[in-house]
Amino acid sequence: MASVTFEEATRHYPASTRPAVDHLDLSVDDGEFVVLVGPSGCGKTTSLRMIAGLETVDSGRIRIGTRDVTDDDPKDRDVAMVFQNYALYPHMTVAQNMGFALKIARITKAEIRERILDAARLLDLEPYLDRKPKDLSGGQRQRVAMGRAIVRRPQAFLMDEPLSNLDAKLRVQTRNQIARLQRRLGTTTVYVTHDQIEAMTMGDRVAVMRDGVLQQCAAPRELYRSPANVFVAEFIGSPAMNLFSLPVVNNSVALGDCAIQVPREITAAAGEIVVGIRPEHFEIGAGGIEMQIDVVEELGADAYLYGRVTGLDNTFGQPVVARADGRSPPLRGDRVRLQPQPGHLHFFAADGRRLP
């Protein structure tokens, strides 16, 4: 087992005007599960492939443990990668797929068989060892790809959106299985996904990327409670945080009928700020802003109200989302008042950075 470290790592494709990964500084501790998350094209998969040696590092360094592997061949890095499409050999059985890399490494047949059986027991694959990939479900193929990585006993697992081809129910089951398995094995894992729910439920820490630049890396709870900037605030959380650009007047901002006091150190630095409020931090009742409900999304215990701000203040017409009690939510077309809960407001500067 070993840590994985990016030191100012940069990858710039010749035809691109900006780096795919730009001076990435990130350390993944020994045994830690870190998830790279962000929208398409943010550089997360390129970062993973840089660890594996499948992408060139144009500047900076990659370390696995104390060893600088920046210029090492992929086969010499002692990492195992699980791909999005599983990359199984169709003409081989499950056992042969799992043991192929060991065979190439000239491990003895007895050792290969022992490792395959150990991994199959971990992954509930024992009944399928003689089957070929075409005879397996998507979830079973994904577990075979995991087993092929496990038998190698690498210093780190690299996983590139391994659940994206599974249906919603199986995706939930499999992500829980991967998280449990990683904690059981204690192998350092770097996991890439575009799904923020996967990221928040699986990772010890989550690294949010945008346009090749690391925006914030923190525990899931910290990301949710203290986003570093407007991008992280919008990206983390479903539904997304409500954001209102408001002028500061007399050390406060007005959100409908609600005057929100702003800390003096913030008002001294900006004439306009962005106020963030998560949907669950609105109280439905008197005061605050008035909302015209366009859609009610009923999810059982909760309901989410999607609509627009009404009234004459400077947020008129802005989209807003609020959580309501699922037992008796308001109806589409209703108008309700939303009062922000004290202590649950987020303040950002006009340039997007979080204000303390």
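Predicted model: local features only at pLDDT ≥ 70, side-chain atom pairs only at ≥ 80, totals over all residues.

Colleague: What makes the phi of Asp 211 worth a remark?

Modeller: Phi of Asp 211 is near 50°, which is a positive value in a residue other than glycine.

Colleague: And why is Asp 211 called partly exposed?

Modeller: Its relative accessibility is 40%. Buried means under 20% and exposed means over 50%, with partly exposed in between. Asp 211 therefore counts as partly exposed.

Colleague: Which loop holds Glu 161, and is Glu 161 buried or exposed?

Modeller: Glu 161 is in the loop between strand E7 (156–160) and H5. Glu 161 is not a glycine either, and its phi is positive, about 45°. With 13% relative accessibility against a cut-off of 20%, Glu 161 counts as buried.

Colleague: How do you know that H4 and H5 are roughly parallel?

Modeller: The axes of H4 and helix H5 (residues 168–185) cross at roughly 15° and come within 11 Å. Angles under 35 degrees count as roughly parallel, so H4 and H5 get that label. H4 passes H5 in a right-handed crossing. On the H4 side the contact is made by Gly 139, Gln 142, Arg 143, Met 146 and Ile 150, and on the H5 side by Leu 170, Thr 174, Gln 177, Ile 178, Leu 181 and Leu 185. By class, that contact has six nonpolar, four polar and one charged residues.

Colleague: Which residues of helix H2 are buried, and what covers them?

Modeller: In helix H2 (residues 94–104) the buried ones are Val 94, Ala 95, Asn 97, Met 98, Gly 99 and Leu 102. Their cover includes helix H3 (109–123) and helix H4 (138–151). Just after H2, Arg 106 has a positive phi of about 65°.

Colleague: What makes you call helix H1 mostly covered?

Modeller: Helix H1 spans residues 44–52, and seven of its nine residues are buried. Those are Lys 44, Thr 46, Ser 47, Leu 48, Met 50, Ile 51 and Ala 52. Gly 53 follows H1, and its phi is positive, near 90°.

Colleague: Over to the strands. Why does Leu 246 count as buried?

Modeller: Leu 246 has 0% relative accessibility, and buried means under 20%, so it counts as buried. Leu 246 is in strand E11 (residues 242–247). In sequence, Leu 246 and Ile 273 are 27 residues apart, but their C-alpha atoms are 5.6 Å apart in space.

Colleague: And how do you know that Ser 252 is buried?

Modeller: The relative accessible area of Ser 252 is 14%. The cut-off is 20%, so Ser 252 is buried. Ser 252 belongs to strand E12 (residues 252–255). Leaving out residues up to four places away in sequence, Ser 252 touches Pro 247, Ile 260, Gln 261 and Val 262.

Colleague: Which peptide bond is cis, with omega near 0°?

Modeller: The one from Ser 238 to Pro 239. Pro 239 lies in the loop between helix H8 (230–235) and E11.

Colleague: How many helices and strands are there in the chain?

Modeller: Nine helices and 19 strands. Of the 356 residues in the chain, 49% are buried. Among contacts between residues at least 6 apart in sequence, 66% join residues at least 24 apart. The C-alpha atoms fill a box of roughly 75 × 45 × 35 Å along the principal axes.

Key
Residues numbered from 1 in each chain as written. Heavy atoms only, no water. Helix = DSSP H or I, 4+ residues; strand = E, 2+ residues; numbered from the N terminus. Buried < 20%, exposed > 50% of the residue type's maximum accessible area, 1.4 Å probe, protein only. Contact = heavy atoms within 4.5 Å. Axes fitted to C-alpha atoms, helices over the stretch in contact; angles between N-to-C directions. Parallel < 35°, antiparallel > 145°, perpendicular 65-115°, else oblique. Left-handed = near helix turned anticlockwise from the far one by under 90°. Nonpolar A, V, L, I, M, F, W, Y, C, P; charged D, E, K, R; others polar.
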